[in-house]
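Here is a short note for someone opening this entry for the first time. Please keep the structure in view while reading.

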Amino acid sequence: MIKLSKHRIKTFIWLVVLASLTGVTLMAARFQSEAVITGIEAEVELLEIGNNLILPEDFVEMVTKKFGPVTGLPVDLVDMRSMEEYLKTNPYVRDANVYLGASGVLVLSLHQRMPLLRIVDNSDKHWYIDTDTVLMPVSSRFTARVPLVNGDFPATKNVKQWPVDDLFRIATVLQENEFMGSLIDQIYVESEDMIWLIPRFGPSKILVGNTEELEDKADRIQRLYKQALPFKGWDTYTYIDTRIAGQIVAKKRLNQ
C-alpha cells in the first residue's frame, strides 16, 4: 500500500477545491452570459427627517431614456458600469450601484446626498449644500426641511467663496442640539463676525457674531428661552446678542 505524505494530501485537497471553484465560476459566467434581463427597478436609500429629494421611478426612466429598454436583453449586453457612472451625474446621487438581482431584475441601488442647508445667493438662486459641500439645485417636487441661509453669497458654484466652515459649525449645533434645531428657522450672514440666527418665535433675531464658542452660545440661548422668556414675555425683546462671554444682552422692544 502506498502511503501519502501529509504535504501531498494537502496539495491534492487544494487542487480539488481549486477545480471545484473554477467549475462554479465557469458555470456562473455561463449562466450570466445566457441570462436575460426580466425587468428594471430602482432602490433608494431613504434619508432621515424627510429630506428625500428623489423618487425611484425617476431613475428607471432616466436609465431607459439613456440606454434604451433593457427588459429582454441578455445580461452580457448590458453595460452596468456605464449605467452607474451615468446615475452618479445626477446632482442628488452620492453613489450608485447597478447589479443583477433576483429573477433577473436589473437593480439600480442609489444613495442620496444629504441636504444640510438651503442657501440663497446674490442672484436669488436657491441651492442645497450637502455634507460633502456639494451644491445641489432645489427640487421642483420636494423641499428639504433644512435651515434657509441668506446674506452676501456671490453667485457662484465655487463654495470656497462662501463661509461654509462657519455654516457647517452652525448646522452641526442645530443637528446635535434638539432645542436649537427646532428653534432656528433661518441663518443670515452679514459678515463672518456678524452672523444672525432667526428663531421661529421669541425675539426677532439672535446675534451670535462669529462661530467661536458656539456650543456655549447655544446653551445661553436655551437657558434664556426656558428660564426667562416664559415669565418676561415672548415678545419682550426685539433681538438678543450672545457675543459677550457668559452673558446675553437683550434689546427690549420700544413698546415694552
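1. Contact here means heavy atoms within 4.5 Å. The model is predicted. Among contacts between residues at least 6 apart in sequence, 52% join residues at least 24 apart.

2. Start with the inventory. The chain holds six helices and twelve strands. Of its 256 residues, 39% are buried.

3. Take the three-stranded sheet next. It is open, its order is β1-β3-β2, and its pairing is mixed. β1 (39–45) and β2 (93–100) are the edge strands. Each has a single partner strand, so one side of each lacks a neighbour in the sheet. Neighbouring strands are turned by 20 degrees against each other on average, direction ignored.

4. Look at one pairing inside that sheet. Seven bridges link β1 to β3 (residues 105–112), in the parallel sense. A42 has L108 in β3 as its bridge partner.

5. Two helices lie on these strands. α3 lies across β2 and β3, at about 160 degrees to β2.

6. How do α2 and α3 pack, and at what angle? The angle between α2 (residues 56–67) and α3 (residues 80–87) is about 120 degrees, and their axes are 11 Å apart. Angles of 65 to 115 degrees would count as roughly perpendicular and those over 145 as roughly antiparallel. The two helices are therefore oblique to each other. The crossing of α2 past α3 is right-handed. On the α2 side the contact uses F59, M62, V63, K66 and F67. On the α3 side it uses S82, M83, Y86 and L87.

7. Now the nine-stranded sheet. It is also open, with mixed pairing, and reads β6-β5-β4-β7-β8-β9-β10-β11-β12. At its edges stand β6 (135–137) and β12 (249–252). Both have a single partner strand, so one side of each is left without a neighbour in the sheet. From one strand to the next, the twist averages 25 degrees.

8. Within this sheet, β7 (residues 148–151) and β8 (residues 184–191) run parallel and are joined by four bridges. One to find is L148, whose bridge partner in β8 is Q186.

9. Helix α6 (residues 214–232) packs on the sheet too. It touches β9, β10 (205–209) and β11 (237–241). Its direction makes about 155 degrees with that of β10.

10. Helix α4 (residues 164–176) lies across β4 (115–120), β5 (126–130), β7, β8 and β9 (194–199). It runs at about 130 degrees to β4. α4 has 13 residues and spans 18 Å from its first C-alpha to its last, close to the 18 Å expected. Which residues of α4 are buried? They are V164, D166, L167, F168, I170, A171, V173 and L174.

11. Finish at W234, in the loop between α6 and β11. Buried needs under 20% and exposed over 50%. Setting aside neighbours within four places in sequence, W234 is in contact with F201, G202, P203, Y225 and L229. F201 lies 33 residues from W234 in sequence, yet 7.4 Å away in space, C-alpha to C-alpha.

Methods:
Residues numbered from 1 in each chain as written. Predicted model: local features only at pLDDT ≥ 70, side-chain atom pairs only at ≥ 80, totals over all residues. Heavy atoms only, no water. Pairing = 2+ DSSP bridges. Axes fitted to C-alpha atoms, helices over the stretch in contact; angles between N-to-C directions. Expected span 1.5 Å × (residues − 1). Buried < 20%, exposed > 50% of the residue type's maximum accessible area, 1.4 Å probe, protein only. Parallel < 35°, antiparallel > 145°, perpendicular 65-115°, else oblique. Left-handed = near helix turned anticlockwise from the far one by under 90°.
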